[in-house]
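Morning, everyone. I have one structure to walk through today, and I'll keep it quick.

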Amino acid sequence: MVHISRPSDTPAPASRRLFLALAGAVAAAPLLGAAQATAAPAAKGLDDPAKKEIAMKLVSSAENSSLDWKAQYKYIEDIGDGRGYTAGIIGFCSGTGDMLDLVELYADRKPGNVLAKYLPALRSVDGTDSHAGLDPDFPKDWRRAAQDTAFQQAQNDERDRVYFDPAVRQGRTDGLRALGQFAYYDAIVMHGDGGDPTSFRNIRRRALAKAKPPAQGGDETAYLKAFLDARVWAMKQEEAHSDTSRVDTAQRVFLRKGNLDLEPPLDWKVYGDSYHIG
């Protein structure tokens, strides 16, 4: 991830270790008039392959200043935010537990891999910003591991298990379409889903105090506005996240245009840089 002269959009502390365990519920597509005798096609959710690719690019534009999210498997650096090393496609951190979970998964699938020897150190530094037992070779070995398709797949799978899949499930439960599901995903990536006031579940709770989601009879646009307002509040609680352009000049742009299905073409800005998906 490239964080040069930009605010660091890195995962929240240890709460990132927790993931949602939420039941999904897909609302049935409304029927057309009886004369047509066919059901209207349901809008595609964020887990549609094309929509998921869009989601990965949107997050990468904020996290990496690039739409090339697959180039980030090898990324690793300490950006000085108190979370140790930040690495990979979603910002796995040595100080927040999700990097440990990832390397354990990789070791289970490929015993003796180049990162397996760092497991004792990763367990020891969990919850801290320490590099003890990791320096000087951990970054080099991470980049080497990133050339292995098994490690790339492990990164994909942990991203989905901890962040993407729970966001989509909760979004569907709330009756949200692709844009709302993405808003949830981006929030979980940054804030995790623990018990702290700025975690995803508490951002959502803050939004629910202002508006109801479609599943509760509310207006989708009004609810998403409330959710994004709550998200901005959460971001401003921490200096590292205080630039809210990934919401204000990206997600709010799509919402104002009524693009609840996140259909391209999409144009947005993050930190003043412009991006386009055709």
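Start at Cys 93, which is buried, with a relative accessible area of 0%. Bear in mind that this is a predicted model. Cys 93 sits in strand 3.

Three strands make an open sheet, in the order 1-2-3, with antiparallel pairing. Strand 1 (76-77) and strand 3 (92-93) are the edge strands, each pairing on one side only. Between strand 2 (residues 86-87) and strand 3 there are two bridges, in the antiparallel sense. Cys 93 is the bridge partner of Thr 86.

Next, helix 5. Helix 5 does bend, by about 50° at Asp 160.

Look at the two ends. At the start of helix 5, a side-chain oxygen of Asp 148 comes to within 3.0 Å of the backbone nitrogen of Ala 150. After the helix comes Gly 175, with a positive phi near 80°.

What does Glu 158 touch, beyond its neighbours within four places in sequence? The contacts are Phe 92, Asp 101, Leu 102, Leu 105 and Tyr 163.

On to the aromatics. The count comes to 13 aromatic pairs. Take Phe 138 and Trp 142: ring centres 6.0 Å apart, planes at 65°, so this pair is edge-to-face. Both lie in helix 4 (residues 138-145), four residues apart, about one turn of the helix. Phe 138 is buried at 0% relative accessible area, and Trp 142 is buried at 0% as well.

A second pair is Tyr 184 and Phe 227. Their ring centres are 4.9 Å apart and their planes at 50°, so the pair is tilted. This one links distant parts of the chain: Tyr 184 is in helix 6 (residues 178-191), Phe 227 is in helix 8 (residues 220-235), and 43 residues separate them. Tyr 184 is buried, at 0% relative accessibility. Phe 227 is buried too, at 0%.

Last item, a cluster. Tyr 85, Tyr 106, Tyr 118, Phe 138, Trp 142 and Phe 151 form one aromatic cluster.

Note on methods. Residues are numbered from 1 along each chain as its sequence is written. This is a predicted model: local features need pLDDT of at least 70, side-chain atom pairs count only at pLDDT 80 or more; totals for chains, interfaces and linings use all residues. Side-chain values use heavy atoms; hydrogens and water are left out. The bend at a residue is the angle between axes fitted to the seven residues ending there and the seven starting there. A polar contact is a pair of N or O atoms within 3.5 Å; within protein, one must be able to donate a hydrogen and the other to accept it, and residues adjacent in sequence count only if both atoms are side-chain atoms. Two strands pair if DSSP finds at least two bridges between them. Contact means heavy atoms within 4.5 Å. Buried means under 20% relative accessible area, exposed over 50%, partly exposed in between (1.4 Å probe, protein chains only). Rings of Phe, Tyr and Trp (its six-membered ring) pair if their centres lie within 6.5 Å; planes under 30 degrees apart count as stacked, over 60 as edge-to-face and the rest as tilted.
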